[in-house]
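The following report describes one protein model for a reader who works with coordinates.

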Amino acid sequence: MFASDRDEMKGFSVQGDIARRFAKLLKQAESVAGTPEADAFTEKAMALIAEYGIQVLDSDRTDSADGRQIVLREIEFEGNGADGAITVLTKIGEALHCQVVYEEMSYDPDVFRAEIYGAEIHVERVLLLIDHLTAQCSIAAARDWRQYRGKLRAKEYLKVWHQGFGKRIAQRLSELEAGAVQRVAEDSKGMELVLLSDSDRAKSVVFEIYPHLANRDFKRSLKKSEYDAFDLGMKSGDEADINQPRLDR
């Protein structure tokens, strides 16, 4: 049921044409970063990846409990934005039916190592998205910090901001994928069950490897002082609302 990336993922990649179209859209978004046009390009890129995932699953009907294997891919983040990148990665992973487990490296507090568990197509989509969004959210977080008038210090602000950004991106991905299910899948109800199964199987593998995580509750309520930073992150992650006012870079 589970295989590491070293054994099973060497030959797997998103189809070349899809990857090129995705990269082109993200390059267009980066060329006009901080504008409504950038939001539109990014939304199209996310919609492309969402729909591609459903197309792959719909053409491969191995959706039983013993169907597609859950695989592992490892990734590291380093530098001042590593903590925030991990937060966004975790939110994206959950939205795309994966589970992310991470640790801060003892030899350097600015280095985080993450393990992503999920069906191959989901893991590959997560990695494609985080590669772009890490850079994009760093730009947006710095821009919003210049406008921020709350009481949080920079490190606290960034932590909460990334939570808001990641949550909104995850919501967008879930909405885009739900739309893709209705458009693409021959059996939309059946596809919804496949996706639910993928999420459950990823969780089962993680809890088998890390049983201490099974009963942990990672949710917490925002403090009053954190609302402004969280809302700024949500707004910057709101790729769909291209008409909303934007803060100047």
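Two residues are said to be in contact when they have heavy atoms within 4.5 Å, and helices (H or I, at least four residues) and strands (E, at least two) are DSSP runs numbered from the N terminus. The model is a predicted one, in which local features need pLDDT of at least 70 and side-chain atom pairs count only at pLDDT 80 or more, while totals for chains, interfaces and linings use all residues. Residues are numbered from 1 along each chain as its sequence is written, and side-chain values use heavy atoms, with hydrogens and water left out.

## The pair H4 and H5

In general, two packed helices are described by the angle between their axes and the distance between the axes. The axes of H4 and H5 come within 10 Å and cross at roughly 140°, where axes are lines fitted to C-alpha atoms, for helices over the stretch in contact, and angles run from 0 to 180 degrees between N-to-C directions. The crossing of these two helices is right-handed; a crossing has that hand if the near helix is turned clockwise from the far one by less than a right angle, and is left-handed if the turn is anticlockwise. From H4, the residues Ala85, Val88, Leu89, Ile92 and Gly93 meet Val126, Leu129, Ile130, Leu133, Thr134 and Cys137 of H5. Sorted by class, this contact holds nine nonpolar, two polar and no charged residues, with Ala, Val, Leu, Ile, Met, Phe, Trp, Tyr, Cys and Pro counted as nonpolar, Asp, Glu, Lys and Arg as charged, and the others, Gly among them, as polar.

Val126 belongs to helix H5, which spans residues 120–147. Val126 counts as buried because its relative accessibility is 0%, given that buried means under 20% relative accessible area, exposed over 50%, and partly exposed in between (1.4 Å probe, protein chains only). Beyond its neighbours within four places in sequence, Val126 touches Leu89, Ile92, Gly93, Leu96, Cys98 and Ile116.

## The loop between H4 and E3

Leu96 sits in the loop between H4 and E3 and is buried, with a relative accessible area of 1%. Leaving aside neighbours within four places in sequence, the contacts of Leu96 are His122, Arg125, Val126, Leu129, Leu173 and Glu177.

His97 is placed in the loop between helix H4 (82–95) and strand E3 (99–104), and at 10% relative accessibility His97 counts as buried. Most residues other than glycine have a negative phi. The phi of His97, however, is near 70°, a positive value in a residue other than glycine. The side chain of His97 makes polar contacts with the side chains of Glu177, at 2.5 Å, and of Ser199, at 3.1 Å; a polar contact is a pair of N or O atoms within 3.5 Å, of which, within protein, one must be able to donate a hydrogen and the other to accept it, and residues adjacent in sequence count only if both atoms are side-chain atoms. Apart from neighbours within four places in sequence, the residues in contact with His97 include Gly118, His122, Arg125, Leu195, Asp198 and Ala202.

## Residues apart in sequence

Arg73 lies in strand E2 (residues 70–78) and is buried at a relative accessible area of 19%, and its side chain is joined to that of Glu124 by a polar contact of 3.4 Å. Gln171, in helix H6 (residues 154–184), is partly exposed, with a relative accessible area of 29%. The table lists C-alpha distances for these and other residues.

| Pair | Separation in sequence | C-alpha to C-alpha distance |
|---|---|---|
| Arg73 and Tyr117 | 44 residues | 6.8 Å |
| Leu96 and Ile121 | 25 residues | 9.4 Å |
| Val126 and Glu94 | 32 residues | 9.5 Å |
| Gln171 and Asp238 | 67 residues | 8.9 Å |

## The whole chain

The protein chain has eight helices and four strands, which run β-α-α-α-β-α-β-β-α-α-α-α from the N terminus on. Of its 249 residues, 46% are buried, and residues 24 or more positions apart account for 76% of the contacts with a separation of 6 or more.

The mean pLDDT of the chain is 81, and 84% of its residues reach 70 or more, pLDDT being the predictor's confidence in each residue, from 0 to 100. It stays under 50 over residues 1–12, for which the model has 35 contacts beyond four places in sequence. Over residues 239–249 pLDDT also stays under 50, and the model has 30 such contacts beyond four places in sequence for that stretch.
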